[in-house]
Number of protein chains: 2
Amino acid sequence: MTDSAKSPIDFWFDFSSPYGYLMAEKIDAVAAKHGRKVRWHPILLGVIFQASGSRPPVDGTSSKSKYMWNDFHRSARHMGIPYKSPRRFPLATQNAARAYYWLHGRDCALARQFALAVYRAFFVDDLDISAPDTVLDIAGKLGVNREELAAALQSPEIKARLKDEVDAALAAGVFGSPHVIIDGEAFFGADRLPQIEHWLETGGF
Amino acid sequence: MTDSAKSPIDFWFDFSSPYGYLMAEKIDAVAAKHGRKVRWHPILLGVIFQASGSRPPVDGTSSKSKYMWNDFHRSARHMGIPYKSPRRFPLATQNAARAYYWLHGRDCALARQFALAVYRAFFVDDLDISAPDTVLDIAGKLGVNREELAAALQSPEIKARLKDEVDAALAAGVFGSPHVIIDGEAFFGADRLPQIEHWLETGGF
């Protein structure tokens, strides 16, 4: 199969997901090695958890939560990715997600840059990415017009677009973040990256 | 540090855990490469889930459950381990766990062989390892006296031993299976094997 005939990979994530961040730093390069493009889909995990009956991995002071906080950090070190535990967690991500889809409609490469910048703002610089001002600042640094984006965040079209993406995620069986789908095969979690590479190398194993 | 001075690794698992099975097939060899021994601790995940507020990964017909069934199989293929989805799942594992501890008190190498045989009986041969007869058959094939073991499964000492191990697991922060602890650092899931290898190679990263 020529590279152009290969289907794009779908990458579903929430901007508040540490493992989503780790996957975001790697997935494009892994896909490109195998002639694949990646479609990024920020979604709202709160809605996904409610609809799918799944639960957030971190939920208070349980043994599992304590483990996860350490594992986020250790997994980042293992993957060679900068990471700092944010003080505020989790955060609402609808502003960042809406901004992504609005940017994507105008310049998809810029939207990709924006998404990575949002993740780094949250998981490296510890910024409050739930705040519209933070989202506008991040986009502004990439040359986006703040006023236009601020208006877009309130537009019914962009709100509907995000809702449609969340519905599409549920229809595709997405129950968490990151969730990667390659030719119908689902891979959940940043720790599935070796399996994703294996799958892309072998065309399924 | 000489190899003999290195602390053993603790490996906590439930005989009904597919990822526990995958870890069981690999952990001793990985540890041995780095001069480490492994202490195996079968436990009862039902008790752990109840006490830790955690939940089983597979819980019905949700998107996540469907994903997990496929992921068990794919993870086994990725790791080069035989695997067949059992028809009965999950199964009660107190008989297998009690038999393990009784055997361990007599011959720890035999107990290790027995543990692997129980896992393969469940996840390769699709046997009902909850049944005392299955447990006795597996042990019998390893030369264990059936009558002695059958009596041991009912003994208060062995029941208390298993209870003590579950309590020790909870005290160590164990919330699922497999759960590996190396010098105080916890690794949850068969997918953490690359991090375990990285950790053993570098002495922590």
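Where in chain A is A:P178 placed? After that, please take me through how chain A and chain B touch.

Author: Happy to, but keep in mind that this is a predicted model, with local features needing pLDDT of at least 70 and side-chain atom pairs pLDDT 80 or more, while totals for chains, interfaces and linings use all residues. Residues count from 1 along each chain as its sequence is written, chains are lettered from A and ligands numbered from 1 in the order written, and side-chain values use heavy atoms, leaving out hydrogens and water.

Your proline first: A:P178 sits in the loop between α9 (156–171) and β3 (179–182) of chain A (helices are DSSP runs of H or I with at least four residues, strands runs of E with at least two, numbered from the N terminus). The peptide bond joining A:S177 to A:P178 is cis, and its omega is about 0 degrees. Another cis bond runs from A:F89 to A:P90, with omega near -10 degrees; A:P90 belongs to the loop between α4 and α5 (94–106) of chain A. You'll find A:D126 in the loop between α6 (108–123) and α7 (132–141) of chain A.

Now for the part you asked about. Chain A brings 28 residues to the contact and chain B brings 28 residues, with contact meaning heavy atoms within 4.5 Å. The two chains bury about 2600 Å² between them, and 48% of that is on carbon and sulfur atoms (accessible area lost on being put together, 1.4 Å probe, summed over both parts). Of the area chain A buries against chain B, 23% comes from A:Y67, A:R74 and A:H78, more than any other three residues give.

Charges meet here too: the interface holds 6 salt bridges (a Lys or Arg side-chain nitrogen within 4 Å of an Asp or Glu carboxyl oxygen). One salt bridge pairs B:R74 with A:E185, whose closest N and O atoms are 2.8 Å apart.

On chain A's touching side, α4, β4 (185–188) and α10 each supply at least two residues. The largest share, 9 residues, comes from α4(A). By class, that side has 9 nonpolar, 11 polar and 8 charged residues, with Gly counted as polar, Tyr, Cys and Pro among the nonpolar ones, and Asp, Glu, Lys and Arg as charged.
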